2 protein chains.
Amino acid sequence: MPRNDKDVAVVLAGLGQVGKAFARLIAEKSGPVRSRYGLNLRLVGIVRKRGTLYSQEGLDGASLVSEAERPAGRPEAWLKDLPLSDLLGKCKPGVLVDCTPSSIRTREPGLGIIREALCMGWHVATAGQGPRGLEYAGLKEAARRAGVDIRCSAATAAALPTLDVGVISLAGAEVLKIEGILNGTSNYILTRMEEGMSYGQALGEAQAKGIAEPDPSLDVGGWDTACKLVIIANAVLGTAVGLKDVGVEGIDETSDQAVRAAAGQGRAVKLLGGCLKDEAGTGWELRVGPAVLDPDHPLFGVRGTSKGITFTTDTMGAVTVSGGKSDPRGAAAAILKDIINICIL
Amino acid sequence: MPRNDKDVAVVLAGLGQVGKAFARLIAEKSGPVRSRYGLNLRLVGIVRKRGTLYSQEGLDGASLVSEAERPAGRPEAWLKDLPLSDLLGKCKPGVLVDCTPSSIRTREPGLGIIREALCMGWHVATAGQGPRGLEYAGLKEAARRAGVDIRCSAATAAALPTLDVGVISLAGAEVLKIEGILNGTSNYILTRMEEGMSYGQALGEAQAKGIAEPDPSLDVGGWDTACKLVIIANAVLGTAVGLKDVGVEGIDETSDQAVRAAAGQGRAVKLLGGCLKDEAGTGWELRVGPAVLDPDHPLFGVRGTSKGITFTTDTMGAVTVSGGKSDPRGAAAAILKDIINICIL
């Protein structure tokens, strides 16, 4: 059928692992996205600490990344003095992609960038847990006022569609309970411990393979899980909770014996993030910690770096979604998904 | 925040098991749907073989169903001579819910009703596999021309969000393979056979429990799975296939020994519907039949009446969704979900 493709300007903030994967992916997928969805995605700008790149015609993300990875780079091409608002003002508002390293401790620079983009009428897709999780209600309201959308699939388990299922697929059902294995690193370590390794051996192997960070504390301490859980609870349950409302215990306190004892009984220890009704049945209790799962639990089979989440509802029973790549390419794919769904509505 | 609720007229066609469950559910959920989504759903009409009910102010679905279930009913309330087009013309177009018994053999009356509703500017949510599966491209084009939406979650595994995940969550990814356990009845029978029953015993038990129909041939013969697979393939892969393009083998040809032998090796026989790239890698091959799954297959743990589907992709890895109620209430909840998602966009 004849149609006019819709032109969508994309500005990328941040060129770390996920930002680079996204720059590559948008180059790789521009053809298929145009032919399937009628969207002409154009990467017009990249913002990073060292400066800004801009091209009205569109930047070639793939070769930019190759250049950025060379020791010399091409720093002369980066404009030092172009404020974000000037960059965003150069073209018709599209989608700002936030891949800045805004951890749960440092909400900036992501938060400021997102607020500025929303104010200027840009949609936002963010991979940052910090700004999104901790400022959920405020950013949502800012987006509503500006008549735009903000999505954060990449911040809530990347290619595992936790929010799509919780918000879209369960619309109209009452969610009674949420349980998730939301951190691939700790699940990998627990799986290897189940197979006989000590915690220290399993962590060392995960670090050697690049699965765990040199400082693994956010993952094994349960804080990454808690962060995702907060965003999911606020989006799906309509709560207004923060990290301070989550009881957090990591797997670093789990003994090797406990994991092997569970395995000996045909059960499995998992690092679960859970939202449960509180005793009065009116509010929610959020908890992260190791839990022993029976083999008939829908998350029992989620092993290695895989993740999964189960929503228990009143009318639809329990719905579980699992899998989805955890690497930077998977996170980039989740951002691309958000962009497409924002733009085809 | 202050807002005006959006008024949405709903007309229900068909008052079988799913239609009744939907009439009850819309009565039960009208309050929560209004407060969460700002949608004021009003069941203004019910169309069935014996006649039509209409009320501008909205019908009370719950008490209507109670009345309809009494032997005497209240036939005098049903208008004999109100054509569908007159009913739909009585109010601002909303959503037509098709719960007519349109099996894969009898596309009518669903197909005619859906076409008429789309032409008159009504959105459609259908539970019928017949019209939707077999007329996919035509109905989608008719909806596009009319500027409305047609959704069919209830026809594609009910509360299991096969299409939401395949279409929305995987947007931008290339789907390389689809495998699904899409029929709860045959999965229940296979699970009981694995536990030691013969095929005949397991089928008899499923019939006694109301899980299997008195004539179970569509379920155990693989045709229900094939029908869902066709709709999913057309929606997710963009194919234009029909039932004639699916190679179908049921579980009625599976021997008790084969199921027990697999179980003895720690594996499991499942009735799988699959879409695989053909040998040339350009087209798709659709197949339904019993398959032996290893314990690390993401659908291995889907037991009893549960269902599940795995999408293997290029950028997001494999994403599996499982669970979701299979009963009429689950199907009704899937229809309500479709209505909400149609109306809040």
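Angles under 35 degrees count as roughly parallel, over 145 as roughly antiparallel, 65 to 115 as roughly perpendicular and the rest as oblique. This is a predicted model, where local features need pLDDT of at least 70 and side-chain atom pairs count only at pLDDT 80 or more, while totals for chains, interfaces and linings use all residues. Residues are numbered from 1 along each chain as its sequence is written, with chains lettered from A and ligands numbered from 1 in the order in which they are written.

**View 1. Helix 8 of chain A crosses helix 12 of chain A.** Here the axes of helix 8 (residues 184-194) and helix 12 (residues 256-264) of chain A come within 8 Å and cross at roughly 70°; axes are lines fitted to C-alpha atoms, for helices over the stretch in contact, and angles run from 0 to 180 degrees between N-to-C directions. Helix 8 of chain A and helix 12 of chain A are therefore roughly perpendicular. Helices (H or I, at least four residues) and strands (E, at least two) are DSSP runs, numbered from the N terminus. Helix 8 of chain A brings A:Leu190, A:Met193 and A:Glu194 to the contact, and helix 12 of chain A brings A:Asp256, A:Val259 and A:Ala263. Contact here means C-beta atoms, placed from the backbone, within 7 Å. By class, that's 4 nonpolar, no polar and 2 charged residues; Ala, Val, Leu, Ile, Met, Phe, Trp, Tyr, Cys and Pro count as nonpolar, Asp, Glu, Lys and Arg as charged, and the others, Gly among them, as polar.

**View 2. Chain B meets chain A.** In this view, 35 residues of chain B touch 35 residues of chain A. Helix 13 (328-343) of chain B is one of the elements giving two or more residues to chain B's side, and helix 13 gives the most, with 7 residues. Chain B's side has 19 nonpolar, 11 polar and 5 charged residues. The copies meet through the same surface, so 100% of the interface residues of chain B are also interface residues in chain A.

**View 3. The axis between the copies.**

**View 4. A second sheet, in chain B.** This open, mixed sheet has 6 strands in the order 3-2-1-4-5-6. Strand 1 (residues 6-13) and strand 2 (residues 39-48) of chain B run parallel, joined by 8 bridges, and B:Val8 stands opposite B:Leu41. Helix 4 (residues 110-119) of chain B lies across strands 1, 4, 5 and 6 of chain B, at about 155° to strand 5.

How values were computed. Two residues are in contact if their C-beta atoms, placed from the backbone, lie within 7 Å. Two strands pair if DSSP finds at least two bridges between them.
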